[in-house]
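Please look at the sequence and the model first.

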Amino acid sequence: MSRTKGTRRDFLQTSGVVVSSAALVTQTGIARMAHAAGSDILKVSLIGAGGRGHGAAQDCLQAAPNTMIVAVADAFEDRARRVAQALRDEPKFKGRVDIPNDRVFVGLDAYKAAIDCGVDIVLLCEPPGFRPWHYLYAIEKGKHVFMEKPCCTDAPGYRVLCEANKLADEKGLKVVVGLQRRHDPRYRETIAQIHEGAIGDLMYTRVYWNGSGVWIRDRRPNQTEMQYQVHNWYYFVWLSGDHICEQHIHNLDIANWVHKGHPVEANGMGGRQVRTGARHNHNVGHIYDHHFVEFTYADGTKMFSQCRHIPNCWNNVSEHAHGTKGYSNCNGAIDGEVTWRYRGPSVNPYVEEHRHLIQAIMEDRPLNDGYHGADASMTAVLGRMATYSGQVVRWDEAVAKGPAEVPPPEKWTWDAEPPVKPDENGSYEHMVAMPGIYKAY
């Protein structure tokens, strides 16, 4: 039995931007892009000049011919100037990068200048702990937003996201979150099939992000503790949310999409086997290196979640949905009573997400990924609360009572004391959460 023809037609009617967005940007381009104070150019600021920020700027330029990068901001001057120059020097973007030195902004408050310099779109690619407040500021200033994931690292940040999402809708602003699988036709069509019953009634999902780990940045001479932590942000919960938030969120979001909502509770276990001070000269903060979480949804279905950063182990990044009549990898294949394979076009989803944002701006069509971005981020926070505490953690209580990991914006200064401090030996081991002792809220 094949469902390909009918489902594909329905899918393209409801989300046809996937296939045709590039053509539409070109065909409808200049007239509809003349929204920006009479200009046919969409001016873009980049906030966060790391590798992902540089990539997002390139993806935005590649997505449509009428985008122009006009400002770069970063907490660190060397990073901001390096990425600004790299964008200026890229031959394929000649004439589409206008970043004078006075629009290279530096510091923990540089995001405000980058948002306030007359742009239409803001790319938020800074460490995730800062993101909810940067997002809210951009929306208050009337900017369309692309923001990377995760969108928050704690419950107060989630509440800020929810406020900003509603305000974005009230203002008619468009928002895309860097959960690029949501913009990939392979995922979009497969999950549409699942929702139409191709695997029967959903029973459970399994999701994985198991790998060897990521970069470690050593302390630089004369850095303050705040500078060190922001520079090495991945390893501090207030800045990254732990790797269950920073990476595994992609897979958690797919499960939420399949389950049509966020979980209502979580329990799990995790720990820190190799990410120890003795192994890495104490330069690894206080996050875990493995998590396993069982999430429960309102209808009683389950999501089983693994993420791990340990070398020489089983590596796997994938999502799986199991139903009463079959199975799907959520990414192009269904097997069971229905056998189906995705045969549609392939796209670069990192570019496609920007294309969708630009098309929605051009057509003044509703688009706000902020809702599922916020829920996916809070799902990861919920899982972290469960593994850190060893307790069953419930969504409503976590959202209402979850502690603030991130200091308020008025305390974002280089000489401020961060919420996590090393001991006299430079180790953060004393800050690692201990199940049975750590309180989720």
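The text below treats one lysine and then the aromatic rings.

The model is predicted: local features need pLDDT of at least 70, side-chain atom pairs count only at pLDDT 80 or more, and totals for chains, interfaces and linings use all residues. Residues are numbered from 1 along each chain as its sequence is written, and side-chain values use heavy atoms, with hydrogens and water left out.

Lys-149 is located in the loop between strand 5 (144-147) and helix 7 (155-171); helices (H or I, at least four residues) and strands (E, at least two) are DSSP runs numbered from the N terminus. With a relative accessible area of 10%, Lys-149 is buried (buried is under 20%, exposed over 50%, partly exposed in between; 1.4 Å probe, protein chains only). Among the residues that Lys-149 touches are Arg-131, Val-177 and Glu-246 (heavy atoms within 4.5 Å). A polar atom of the Lys-149 side chain lies 2.8 Å from the backbone oxygen of Glu-246.

The structure holds 18 aromatic pairs; rings of Phe, Tyr and Trp (its six-membered ring) pair if their centres lie within 6.5 Å, and planes under 30 degrees apart count as stacked, over 60 as edge-to-face and the rest as tilted. Two of these pairs are tabulated.

| Pair | Centres apart | Planes at | Type |
|---|---|---|---|
| Trp-215 and Tyr-234 | 5.8 Å | 80° | edge-to-face |
| Tyr-288 and Tyr-388 | 4.5 Å | 50° | tilted |

Tyr-288 lies in the loop between helix 13 (277-280) and strand 9 (290-296) and Tyr-388 in helix 15 (residues 370-389), so this pair ties together parts 100 residues apart in sequence. Tyr-288 is buried, at 1% relative accessible area, whereas Trp-215 is partly exposed, at 30%.

Technical notes: Polar contact = N/O pair within 3.5 Å; in protein donor to acceptor, adjacent residues only side chain to side chain. Lists of a residue's contacts leave out its neighbours within four places in sequence.
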